[in-house]
Amino acid sequence: MTEVLLEPFRLPYMQRALLEVLLLGALAGVVGVFVVLRRLAFVSDALTHTIFPGVVIAHLLDRSLLLGALAFGVLTAVLLTGIGANRRVGADAALAILLTSFFSVGVVLVSRTRTYTADLTVFLFGRVLAVDRADLLQTLALALVVLGTLWALRKELVLRAFDPEGAAAMGYRTAALDLVLNLLIALVVVAAVKAVGTVLVVALIIVPAAAARLLADRVATTTALACALGALGGWLGLAASYEVSVDHGIRLASGATIVVVLVALFGLAAAAAPLRRRVGGGGVPR
Amino acid sequence: MAAEPPAPAATPVLELRHVAVAYDRVPAVEAVDGVVAAGQSVALIGPNGAGKSTLIRAVLGLVPVVSGSVTVLGRPPQAARRQVAYVPQADTLDAEFPVSALQAVLMGRYPRVGFVRRPGAADRQAAESALAAVGLAERASARFGTLSGGQRQRVLLARAIAQEPRLLLLDEPFTGVDALSQELLLTALRRLRGAGAAVVMATHDLGLAHLACDEVCLLNRHQIGFGPIGTTLTPERLRATYGGQALELRGDGVIVARP
């Protein structure tokens, strides 16, 4: 077993891939807690799709993918907060409109390139084994920015998630807090584009946090657990895809394998949650 | 806090001058006039949709006042938020949210603590004594959602107490609350008023309005009466407030059918 879990990482490119997924898993897990507490899973899903054209445009112009993704992430976060505030449109319709229109623009743009299918696959599903030193440093820098911001605003973001009306009454600008969280989600998507692609990153954000929610009943423990589960899923998924691909000759896409492992961890958490409650961690039932 | 000079004693805590509030140009409540002094308690009485919650939101500065003026401690509502605490209805909050009772109370200290920093020993102490003031010291580490409806309402009052407000606004604080919780809420409110805070609460319950308040503001889209509870709560005004929901009892009594 140790062999399967450690052996692949003697190779430099696998070491880089491992560092990348550990970082991403931990980062996305932490951000995911705030997403899940705010019930914003659909928002982060939309963000992952709307960032796609930004990545494509940057690629076509031969500019930094990060900048392209960032520009569209910011644009979406602003548009979402703005359109969602219009009561007649509503947040869910605003999301659906943005998600589909931006994603279509991205596909239209990619379809103009000669290497259409290959490009599309990379942007949508990533290529973690191709992660280089610069990508790693970029992920690390983004992780520091995102985690630093979450740390600075943790109290206020939790209060806003728990009691939005109460937070507004205390004088907090809830729209500004919402915008910050949307931007942080966008940054996580940007960080994950190269490794897992714009589509699968939503699983990295939501699944570990949702699993942690089942097992913990404090924000701090939920966050620690989501962080650990995200990193664990990344490691196990990467090792599994290597093992199956190299030793058994069945090619498993690493990004998707990581997601499958994360969902399996979620399944275990769901199975363990009732057990934990019976042991007495959950307090007096309602 | 120390930097802000206390308002002169003569300044009322809350002053409503011909207040009208509208959502998308549709008036929600209008023609509200009244003054609330320190230590006073006012019940906002009226049927559903009468504009009670809207008026509370206006005092919090969360909805724009289209005409007239709301003044809190001599200032516009947005400038006085630090002195104002709001107690929402407990059942509007997510019962699965992973916070303990004490953590929920501690949230009342966040505006003082500020961004980045973590609550200090003084904040923790304030939260603990606020929780004790509503009789929940022993449940400090219980998850908010595992408490009963009445206990959750008490936690939210404790959060407001921890804010050390000079004006306390409550939205239906007694709805779905057991007798013990009701008693403890009333006691805690009395103590707050004794310490000089003014209280404004929206309620359906005329009996509790009598127990908790000395003034009443009767509302049904506009103000029907504002004044001492004994003289303002007349059968005529209640009929005007509740319309068909008011049933008269032999001459001078009125029963209000709950919607």
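**Exercise 1.** Does A:A169 count as buried or exposed, and why?

*Solution.* The model is a predicted one. Begin by locating the residue: A:A169 belongs to helix 9 of chain A, which spans residues 164–169. Next, apply the criterion, by which a residue is buried if 20 or more other C-beta atoms lie within 10 Å of its own. A:A169 has 24 C-beta neighbours inside 10 Å and therefore counts as buried. Finally, consider its partners: leaving aside residues up to four places away in sequence, A:A169 touches B:L60, B:L62 and B:Y86.

**Exercise 2.** Determine how many residues of chain B are in contact with chain A, and classify them.

*Solution.* On the chain B side, 22 residues are in contact with 21 residues of chain A. The chain B side of this contact consists of 15 nonpolar, three polar and four charged residues.

**Exercise 3.** Describe how helix 5 and helix 6 of chain B are arranged relative to each other.

*Solution.* Two packed helices are described by the angle and the distance between their axes. For helix 5 (residues 149–162) and helix 6 (residues 179–194) of chain B, the axes come within 9 Å and cross at roughly 10°. Angles under 35 degrees count as roughly parallel, and the two helices of chain B are therefore roughly parallel to each other. The crossing of helix 5 and helix 6 of chain B is left-handed. Among the residues making the contact are B:R154, B:L157 and B:I161 of helix 5 and B:L184, B:A188 and B:L192 of helix 6. By class, this contact of helix 5 with helix 6 has seven nonpolar, four polar and one charged residues.

Methods
Residues are numbered from 1 along each chain as its sequence is written. Chains are lettered from A and ligands numbered from 1 in the order in which they are written. This is a predicted model: local features need pLDDT of at least 70, side-chain atom pairs count only at pLDDT 80 or more; totals for chains, interfaces and linings use all residues. Two residues are in contact if their C-beta atoms, placed from the backbone, lie within 7 Å. Ala, Val, Leu, Ile, Met, Phe, Trp, Tyr, Cys and Pro count as nonpolar, Asp, Glu, Lys and Arg as charged, and the others, Gly among them, as polar. Axes are lines fitted to C-alpha atoms, for helices over the stretch in contact, and angles run from 0 to 180 degrees between N-to-C directions. Helices (H or I, at least four residues) and strands (E, at least two) are DSSP runs, numbered from the N terminus. Angles under 35 degrees count as roughly parallel, over 145 as roughly antiparallel, 65 to 115 as roughly perpendicular and the rest as oblique. A crossing is left-handed if the near helix is turned anticlockwise from the far one by less than a right angle, and right-handed if clockwise. A residue is buried if 20 or more other C-beta atoms lie within 10 Å of its own, exposed if 12 or fewer, and partly exposed in between; C-beta atoms are placed from the backbone.
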